[in-house]
Amino acid sequence: MNLDLLNLFIESVADGASLESVANIAQETATVNDQLNETILTGNNIWMMICIALVFIMHLGFAGVEAGFAQAKNTVNILFKNTLTPAIGLLTFALIGYNLMFPLEKGGVFQWSGFGVNFPTEESSSYTAYTFFLFQGMFAATCATIVSGAVAERIKISGYFIFTFLFLGLAYPVIGMWQWGGGFLSQMEVPFYDFAGSTIVHSVGGWGALAGIAVLGPRIGKYANGKVNDFPGSSVPLATLGVFLLWFGWFGFNGGSVLSADPATVSLVLVTTTLAAAAGAVGGAFMAGLMFKRLDLGMVLNGILAGLVGITAGADQMSMLDAVLIGLICGSLVVVSAVTLDKFKLDDCVGAVSVHLTCGIFGTLAVGIFGDMGFGGTAENAGFPQLLAQLKGIGICGVTAFAFSYAVFKAIDATIGLRVSAAHEKEGLDSHEHGIRGYTITYDE
Amino acid sequence: MNLDLLNLFIESVADGASLESVANIAQETATVNDQLNETILTGNNIWMMICIALVFIMHLGFAGVEAGFAQAKNTVNILFKNTLTPAIGLLTFALIGYNLMFPLEKGGVFQWSGFGVNFPTEESSSYTAYTFFLFQGMFAATCATIVSGAVAERIKISGYFIFTFLFLGLAYPVIGMWQWGGGFLSQMEVPFYDFAGSTIVHSVGGWGALAGIAVLGPRIGKYANGKVNDFPGSSVPLATLGVFLLWFGWFGFNGGSVLSADPATVSLVLVTTTLAAAAGAVGGAFMAGLMFKRLDLGMVLNGILAGLVGITAGADQMSMLDAVLIGLICGSLVVVSAVTLDKFKLDDCVGAVSVHLTCGIFGTLAVGIFGDMGFGGTAENAGFPQLLAQLKGIGICGVTAFAFSYAVFKAIDATIGLRVSAAHEKEGLDSHEHGIRGYTITYDE
Amino acid sequence: MNLDLLNLFIESVADGASLESVANIAQETATVNDQLNETILTGNNIWMMICIALVFIMHLGFAGVEAGFAQAKNTVNILFKNTLTPAIGLLTFALIGYNLMFPLEKGGVFQWSGFGVNFPTEESSSYTAYTFFLFQGMFAATCATIVSGAVAERIKISGYFIFTFLFLGLAYPVIGMWQWGGGFLSQMEVPFYDFAGSTIVHSVGGWGALAGIAVLGPRIGKYANGKVNDFPGSSVPLATLGVFLLWFGWFGFNGGSVLSADPATVSLVLVTTTLAAAAGAVGGAFMAGLMFKRLDLGMVLNGILAGLVGITAGADQMSMLDAVLIGLICGSLVVVSAVTLDKFKLDDCVGAVSVHLTCGIFGTLAVGIFGDMGFGGTAENAGFPQLLAQLKGIGICGVTAFAFSYAVFKAIDATIGLRVSAAHEKEGLDSHEHGIRGYTITYDE
């Protein structure tokens with residue numbers, strides 16, 4: 001026995017604190033440990049709650065973009081849809097969607113836990129069950145809103161809301177479960193990778209939008225006289241505001257998808273998200289300048305959204321340079337896509353398909369092209385194997401989302417009718433169903 | 001003496017670390033404890049500061065709703081009021097209100113601590129004194145803004161600001177102190193319960209608004225020819241933006257009222273707040289559809305606000321289902337209330353009384369009806385006793401706020417005059433006092 | 001050897017926990033310490049990330065103010081610039097600016113670390129390198145945006161973007177490095193003090209704006225017929241929205257400049273920032289009422305911005321009363337400055353020079369007048385020495401920023417031309433370069 005050491009110990013202890021207090025340290029340390037875990041949870045949960053608020057405000061972003069880019073005579077109709085869509089979306093997700101998407105017993109395809117929210121009993125160290133539910137609910141609602149912009153100015157409101165309810169009650173959560181609920185896409189030999197939903201949210205919404213405009217047909221006069229006729233939007237400032245708010249909200253959309261406040265990952269995600277958006281703006285401006293010979297604000301705005309959608313699948317996997325490249329490509333792609341859709345007389349009122357579907361697909365592929373999981377990357381399946389997994393995921397989600405949406409839109413069309421009358425469309429949807437105008441800016445002179 | 005154990009101890013210690021270092025653990029643990037407490041404070045304080053920013057942006061929400069729903073000719077006047085109201089409100093609260101509402105010696109009715117801010121010396125573990133002051137200041141300012149919407153389009157700006165100063169300098173902080181400053185409402189045998197201010201903020205503001213429109217009388221032409229004439233608002237997108245920002249800000253209004261970032265409570269509050277807003281939208285759409293036979297965006301928007309006001313008193317006490325029910329009821333109630341006010345020729349320019357007073361009262365009662373404190377609840381005074389306490393609080397605050405506001409408005413009316421001239425009102429308030437127009441959208445053809 | 005104490009220790013230890021576990025505490029405490037440091041980083045980093053989002057949304061604020069105050073015929077042009085400015089600003093800062101502003105080897109004047117971002121290897125305990133980069137990038141972009149408002153309605157878009165690229169790639173980061181990158185201004189005997197950039201960001205942007213309008217000359221008709229002619233802005237609600245968003249974002253601009261979430265400092269900063277803005281509104285309203293005899297919303301809005309710019313240099317040094325005084329002075333000053341600029345036929349489309357330059361200078365001086373560093377303050381160099389240091393900093397940064405900007409604008413003017421043709425200006429910039437209108441609010445009757 002080393003009595004010298006022991007003596008030294010006793011003395012040093014007796015010096016500063018009683019021996020009893022030293023014995024109490026064990027208890028104290030355990031308490032500190034508990035408090036620390038609670039503090040870690042609190043910090044992570046704060047970040048997730050902020051992200052909830054940020055994703056929520058994206059709904060105002062969508063409302064701004066759509067009301068700004070659509071004609072004044074349909075403003076109230078669009079705002080009515082875009083206000084009720086998150087409301088109905090959140091309620092539907094609480095009632096049905098959440099349990100479909102995050103089944104208590106993981107791994108199945110339809111492991112539904114019943115109506116209402118059965119929160120998982122296990123607690124995460126990063127968020128509470130309520131936080132997780134609300135973050136996911138805000139995501140679900142954005143997916144539905146993507147559709148609303150494309151089909152605007154001619155869809156019947158009853159048909160729109162039936163679609164929204166079925167899309168959010170069935171299609172979105174089931175597809176979401178395949179990847180984020182522990183389903184088969186996440187359990188393939190080479191797992192599909194979709195960080196924050198370029199495919200699961202954006203392209204799924206984009207496929208719904210494509211199905212909608214395919215079934216509806218173009219607006220009257222859009223492709224008249226052998227050319228593409230643009231209908232001027234009511235308020236470009238409103239559309240611009242919408243895009244800025246979407247960019248702002250995307251900090252939460254991507255930043256919250258880390259599902260914790262882990263400083264290294266979240267701050268990387270914010271940087272890649274921001275640079276992709278910035279490069280998307282430049283890409284859109286450049287490609288539109290090349291193709292249309294004008295300084296096209298609409299394409300700058302859609303370029304930003306394109307960059308954001310494109311980075312979403314791999315925001316945590318990319319370098320700053322990767323993010324800039326993805327943004328530039330998506331910003332250019334969105335212009336080409338919009339022109340291409342017009343060639344097929346697919347009339348997308350706000351460019352939702354080009355932004356969310358085209359760039360959602362590219363962004364998902366980008367995971368297998370750039371970054372750790374891409375060619376030259378360091379991940380186990382980097383390059384072709386990952387790219388193949390991405391293609392599988394895109395294909396499976398795409399076929400499902402499009403087939404479901406097309407069938408639902410067709411069924412609505414065949415029964416209660418999907419499209420308003422020609423007279424009603426020409427007159428504008430506001431006067432008829434809503435009885436007020438979007439803008440009344442008059443002065444007695 | 002157990003020498004074996006001691007030996008084991010010495011060896012295991014000597015193995016990994018010197019005995020001195022073990023002796024230092026006591027000191028280290030104390031340091032860790034201090035740092036941990038500082039970290040807990042930092043986390044909670046971050047959340048409260050975020051909530052300050054969120055409640056602040058509600059003032060833009062109010063400005064949007066009011067300017068959007070009012071006629072174009074009064075836009076600048078409304079924005080002038082709604083910009084100066086938070087400014088003057090914050091300054092008044094710093095100078096007088098804070099000390100009235102949070103007296104250093106708790107329990108009194110007029111324990112005023114003098115002009116300026118005397119911050120409590122005791123520190124909270126959840127926020128600094130500056131954070132608490134600013135959060136409360138943002139709340140106070142919202143209360144005043146509630147009044148501004150109802151009385152818009154005919155009130156004299158001088159009278160409005162005199163009222164605002166007195167209301168925020170006296171009525172709001174004194175009533176607030178009765179509940180949140182440790183006053184008698186919080187110390188009744190069955191304490192009044194108002195989590196985030198359905199009564200203390202919203203109905204108090206609503207009573208002020210009711211007094212204002214009662215003294216002012218309706219706008220010229222509002223009830224002409226035996227019917228209720230709607231004056232079209234200048235910009236429905238602006239009003240919609242306002243409502244989304246209010247919903248966004250309410251995450252801070254209710255979420256911050258937890259006064260910490262406690263993960264379980266705050267995340268529950270965000271969920272009940274969100275679901276009540278969503279259900280309010282549905283309730284408003286449904287009831288307006290029933291009564292007016294149209295898809296009434298105005299009532300969807302007011303339904304959202306109604307749901308938010310309704311959940312505010314018990315956001316931390318409700319289940320998800322409770323929150324949905326409260327939202328549905330408030331969304332319906334706001335429509336009925338608006339129609340009822342019009343029957344009494346009480347002309348509320350934006351529906352502020354229906355939203356903040358009617359639903360503020362119902363929301364406060366809901367605490368005694370639903371949730372832990374309601375019928376079937378588990379709280380000590382659940383059911384009738386709590387409901388009775390709620391009624392007492394509503395009554396006492398209501399009588400005080402209304403009597404004070406009515407007296408002030410009458411006094412202003414009798415002296416400097418409260419209402420602009422008929423000519424001035426018809427011409428619009430902008431051209432006269434402000435010299436510019438809200439919108440100048442002209443193009444040379 | 002104190003065997004009694006030892007016995008007591010052994011027993012108390014053996015009582016609650018094995019000696020081994022006590023020996024393990026050392027290890028555990030070390031682990032707790034690591035986790036605690038990570039948690040402290042996480043909390044601080046969360047705050048900084050929120051501030052990034054808040055500063056980002058200031059760009060929507062600038063867009064709103066500028067598009068709202070400018071004529072309808074130039075709306076799209078302004079939005080095009082204000083959308084691409086943060087995009088190009090962030091990319092430029094990533095490519096060049098960051099390395100100029102924060103050289104790896106501190107202290108030099110041109111210690112450039114090369115193209116692209118070479119993040120410092122040392123980690124902060126308050127934020128990650130990515131967080132720091134993004135926060136600084138958002139700051140840089142705001143500085144460029146300040147210029148865009150002043151020169152609106154007549155600048156060529158090519159010239160504007162060339163200036164923006166050079167300004168953000170060279171002038172801003174070099175001047176910023178002098179103070180925030182460890183350069184000579186921060187190392188003077190009495191160091192220059194600029195907490196969040198009244199000089200480094202706002203006055204630098206303001207000097208750029210002044211140079212721009214000096215080279216460009218006034219808009220056609222602005223000073224015709226011997227008087228100052230106001231051109232009505234397209235949308236006062238849009239300008240108001242912009243100011244509210246700038247105030248909102250300033251919580252992040254100043255709050256994030258603490259570079260941690262330190263509760264005491266950040267909450268003080270939020271309070272001084274808010275009170276200065278509120279007092280600025282009152283100061284602007286009062287001085288405009290005095291000078292123009294009207295309730296001038298424009299000056300209330302610019303008064304808010306003036307108060308915000310004014311508090312920025314010393315937001316962490318001021319008492320609540322100091323903040324109110326600074327706000328009142330700046331709110332008054334912005335009105336006087338705007339009138340004075342008009343006397344010199346310096347035509348600033350939105351009052352950017354008066355807000356950012358005039359009040360940026362005063363706010364920087366205020367550090368040496370009020371608070372700890374001012375007269376009666378307790379800081380080492382309080383009063384005249386600090387005031388002198390402030391004057392030096394203002395002068396050096398001002399001469400540099402103005403000379404650089406003037407030279408660049410002159411060079412652009414002499415080569416590709418800085419100003420659009422008179423016909424183009426009269427017609428409005430939208431129709432020509434962008435091919436769409438900002439607002440299309442028409443209804444078939």
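Okay, let's start with charges: over all chains, this structure holds 15 salt bridges, a salt bridge being a side-chain nitrogen of Lys or Arg within 4 Å of a carboxyl oxygen of Asp or Glu. Before I go on, this is a predicted model, where local features need pLDDT of at least 70 and side-chain atom pairs count only at pLDDT 80 or more, while totals for chains, interfaces and linings use all residues. Residues are numbered from 1 along each chain as its sequence is written, chains are lettered from A and ligands numbered from 1 in the order in which they are written, and side-chain values use heavy atoms, with hydrogens and water left out.

So, some of those pairs. In chain A, E153(A) and R219(A) form a salt bridge, at 2.2 Å from N to O. Where do E153(A) and R219(A) sit in the chain? E153(A) is in the loop between α4 (129-150) and α5 (157-180), and R219(A) is in the loop between α6 (198-216) and α7, so the pair links distant parts of chain A, 66 residues apart. Helix names here come from DSSP runs, numbered from the N terminus (helices are H or I, at least four residues; strands are E, at least two). Are E153(A) and R219(A) buried or exposed? Both are buried, and buried means under 20% relative accessible area, with exposed over 50% and partly exposed in between (1.4 Å probe, protein chains only).

Over in chain C, R219(C) pairs with D347(C), the closest N and O atoms being 2.8 Å apart. That one also links distant parts of its chain: R219(C) is in the loop between α6 (198-216) and α7, D347(C) is in the loop between α10 (320-343) and α11 (352-369), and they are 128 residues apart. R219(C) and D347(C) are buried. Back in chain A, salt bridges with shared partners join E153(A), R219(A) and D347(A) into one network.

Chain B gives us R419(B) with E425(B), at 2.8 Å from N to O. R419(B) has a relative accessible area of 24%, so it is partly exposed. E425(B) is at 6%, so it counts as buried.

Next, the holes. A cavity here is a set of points on a 1 Å grid over the protein atoms alone where a 1.4 Å probe fits but cannot get out, and lining residues have an atom within 4 Å of a point. Grid points are joined across faces, edges and corners, and the volume is the space filled by probe spheres set on the points. How many cavities of 30 Å³ or more are there? The count is 12.

The largest cavity holds about 250 Å³. Its lining has 18 residues, and the closest to the centre are S235(A), S235(B), L238(B), S235(C) and L238(C). α7 (236-255) of chains A, B and C each give two or more residues to that lining. By class, the lining has 15 nonpolar, 3 polar and no charged residues. For the classes, Ala, Val, Leu, Ile, Met, Phe, Trp, Tyr, Cys and Pro are nonpolar, Asp, Glu, Lys and Arg are charged, and the others, Gly among them, are polar.

The second largest cavity is about 190 Å³. It is lined by 21 residues, with I50(A), L54(A), I50(B), I50(C) and L54(C) closest to its centre. α2(C) gives the largest share of that lining, 6 residues. What classes line the second largest cavity? We get 21 nonpolar, no polar and no charged.

Key:
1 Å grid on protein atoms, 1.4 Å probe; cavity = no way out; pocket = protein on both sides within 12 Å on 5 of 7 lines; lining within 4 Å.
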